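Me: I'd like to learn how to read a model like this one, feature by feature. Can we take it slowly, with the general idea before each case?

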Amino acid sequence: MTLKTGDQYIESLRELKTQVYMFGEKVENWVDHPIIRPSINSVKITYDLAQDPEYADLMTAKSNLTGETVNRFAHLHQSTDDLKKKVKMQRLLGNKTASCFQRCVGMDAFNAVYSTTFECDKAHGTNYHENFKKYLTYIQQNDLVVDGAMTDPKGDRGKSPADQADPDLFLHIVEHRPDGIVVSGSKAHQTGSINSHEHLIMPTIAMTEADKAYAVAFAIESDAPGLFMIYGRQSCDTRKTEPGADIDVGNKQFGGQEALVVFDKVFIPNDRIFLNEEYDFSGMMVERFAGYHRQSYGGCKVGVGDVVIGAAALAADYNGAAKASHIKDKLIEMTHLNETLFSCGIACSSEGFKTEAGNYQIDLLLANVCKQNVTRFPYEIVRLAEDIAGGLMVTMPAEQDFKSDLKVPTESGLTVGEWATKYFQGVPSVTTENRMRVLRLLENLCLGTAAVGYRTESMHGAGSPQAQRIMIQRQGNIAAKKELAKAVAGIKE
Amino acid sequence: MRIGIKYCGGCRAGYNRGEDAGEVVRLLLSVGHLPEGTIVEVAEAGAHYDLLLTVCGCTNKCADISEYEHREIVYMWEPDSIESTVAHIREKIEGISSSAV
């Protein structure tokens, strides 16, 4: 058994010397920083649930590399059943955290790099697959979190990597040495990067020979010399730093995280390199990682969606509006949309196939359809949630006002807290505080810190909508559909 | 007699599986439905169980039981099924006990 506990994970982060910057300053104790810690808690629960018999069936798997039980986030999918269990695990974790739990990018990178290195070795006689198997065995045996990092800043979108005014706008090789390579550049929007022990870097687009210095994949420790991170801020993030912050945070315990990860001439030893100028395999690695990650969203966003729907239904109860037919219909619509996303995640998993390397890949067309729906449905779900919740979710006084003992100099002699509590009571059977709590949770999910994960990440994470449409066009096989129509219509050409 | 409890992963559990399974065990123990010396435990891979109580969250009943040897199996997969599960387990136990005689 090679599973860490959640507490051991937290302690392992303290041993890292990861360089983190936020609000223009270096953060020395980032593990306990009030803005960062909720995101660490979201990763921690991926360890805690793996230890719990009630969840171990989804949270763990038997490694094909070691035969040991490992965390599913470090597993290579061995069947379509594994692919389905991945999606179910993600829904479960969305339910528990109502946040991005960040560990999926590593799992998706492992599976993409594993199969791509196998095929690259076959074509080029390289030894990347064996390198990667050794690396992943180390990750599994130590139950580590790895940021699968793909997205470069990309600078001028109209130009290729080699044609950028600043060559560092795509991460690239700056020096070849007998014992490895030196790289510079950065990866943007990196989910959970600070909370990761390691980074697994992949190229961001298909490359040509002119871009071969950018066709590079490798693994690196998060606290390696020359590597640092600049924290990405989120809407309403500083509420977490307010004294005694609880209700106004919306989700006090959990959160997501993104950062810019910068590489300033970082050395990568040979045994951690998995692509080194083989530009013809850059596109395969990108497409496979993106496919897995588009499948992922059919699980994680659905899990968060369950919480949004539950919170909206609670708000309706607390407002005394639950019996209204239009409220019931809106909850039905939200459920329909959410379960459609889950159906897509399960479908692309069920139709998965075995790669040449032996691990399983999702159905690419269905995964892209899944993600295309994810760019839309969560927006409609939060629109309906806001409709049901009412305007109070954005106009409510602060938590401090509800708790204030300050007497207002009027005839009644009530305090600010008493006035606020009196006028924001909903149904008499529910406390004003509980009404506040569910409305703040909805605010958090619809337009606060969690909206980063539930809304804009649904749009752009795992590729923006147009990227899926290109894949749907490629995979849609319109020519075969024309033949079907000809046959039915009796057209002979 | 050895009874193992195996849970599914819980992605769409429509009820609190842990609480309900605990209540099933409590009822079985409190009214003396189990033969003396019966062990009830969270199932361990590779172990043999006279009865495997498989606690699932939905009708899919997807718990992976491939690594759990068992003579009899009882599934629980929906809310408000504590009493029917206890009754089902009692039937199975009686069957096991009578065949042993």
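Reply: A residue is buried if 20 or more other C-beta atoms lie within 10 Å of its own, exposed if 12 or fewer, and partly exposed in between, with C-beta atoms placed from the backbone. By that count, 33% of the 101 residues of chain B are buried. This is a predicted model, where local features need pLDDT of at least 70 and side-chain atom pairs count only at pLDDT 80 or more, while totals for chains, interfaces and linings use all residues. Residues are numbered from 1 along each chain as its sequence is written, and chains are lettered from A and ligands numbered from 1 in the order in which they are written.

Me: What is the mean pLDDT of chain B, and where is confidence lowest and highest?

Reply: pLDDT is the predictor's confidence in each residue, from 0 to 100. Chain B averages 93, with 98% of its residues at 70 or more. Helices (H or I, at least four residues) and strands (E, at least two) are DSSP runs, numbered from the N terminus. Within chain B, helix 2 (residues 82-100) has the lowest confidence, at a mean of 90, and strand 3 (residues 48-55) the highest, at 97. The scores for the model are ipTM 0.91 and pTM 0.96.

Me: Which elements does chain B have, and in what order do they run?

Reply: Chain B has 2 helices and 4 strands, and from the N terminus on they run β-α-β-β-β-α. A compact globule of 101 residues would come out near 13 Å, and chain B agrees because it has 13 Å. Its C-alpha atoms fill a box of roughly 40 × 30 × 20 Å along the principal axes.

Me: What share of the contacts in chain B comes from residues 24 or more positions apart?

Reply: Two residues are in contact if their C-beta atoms, placed from the backbone, lie within 7 Å. Among contacts in chain B with a separation of 6 or more, 61% join residues 24 or more positions apart. Contacts also link the chains: 10 residues from chain B and 11 residues from chain A take part.

Me: On to cores. How many residues has the largest nonpolar core?

Reply: A nonpolar core is a set of buried Ala, Val, Leu, Ile, Met, Phe, Trp, Tyr and Cys residues joined through C-beta atoms within 7 Å. The largest one has 143 residues, and A:Ala312, A:Leu442 and A:Leu445 have the most contacts inside it. Helix 7 (residues 282-319) of chain A supplies the largest share of this core, 19 residues. A second, separate core of 21 residues includes B:Ile5, B:Cys8, B:Val24 and B:Trp77. Going back to A:Leu445, its contacts beyond four places in sequence include A:Ala98, A:Val307, A:Val382 and A:Tyr454.

Me: Where does A:Ala98 lie? And what is its phi?

Reply: Most residues other than glycine have a negative phi. A:Ala98 has a positive phi of about 50 degrees, and lies in the loop between helix 4 (80-97) and helix 5 (104-124) of chain A. A:Ala98 counts as buried because it has 29 C-beta neighbours inside 10 Å. B:Asp80 also has a positive phi, about 60 degrees, in the loop between strand 4 (69-76) and helix 2 of chain B. With 8 C-beta neighbours inside 10 Å, though, B:Asp80 counts as exposed.

Me: Last topic, sheets. In what order do the 6 strands of the open sheet in chain A come?

Reply: Strands of a sheet pair through backbone hydrogen bonds, either parallel or antiparallel. Here two strands pair if DSSP finds at least two bridges between them. The order is 2-1-10-11-7-6, with mixed pairing. Strand 2 (25-26) and strand 6 (172-177) are the edges, each pairing on one side only. Strand 11 (residues 258-269) is joined antiparallel to strand 7 (residues 180-191) by 9 bridges, with A:Val183 partnering A:Val266. Strand 10 (residues 227-231) and strand 11 of chain A pair in the antiparallel sense over 5 bridges, and A:Phe228 has A:Val262 as its partner there.

Me: Is strand 9 of chain A enclosed or exposed?

Reply: Strand 9 (residues 216-221) of chain A has 5 of its 6 residues buried, so it is largely enclosed by the rest of the structure. It runs antiparallel to strand 8 (residues 198-201) of chain A, with 4 bridges, and antiparallel to strand 12 (residues 273-276) of chain A, with 3 bridges.

Definitions and conventions
The radius of gyration is taken over C-alpha atoms; the globule rule is 2.2 Å times the number of residues to the power 0.38.
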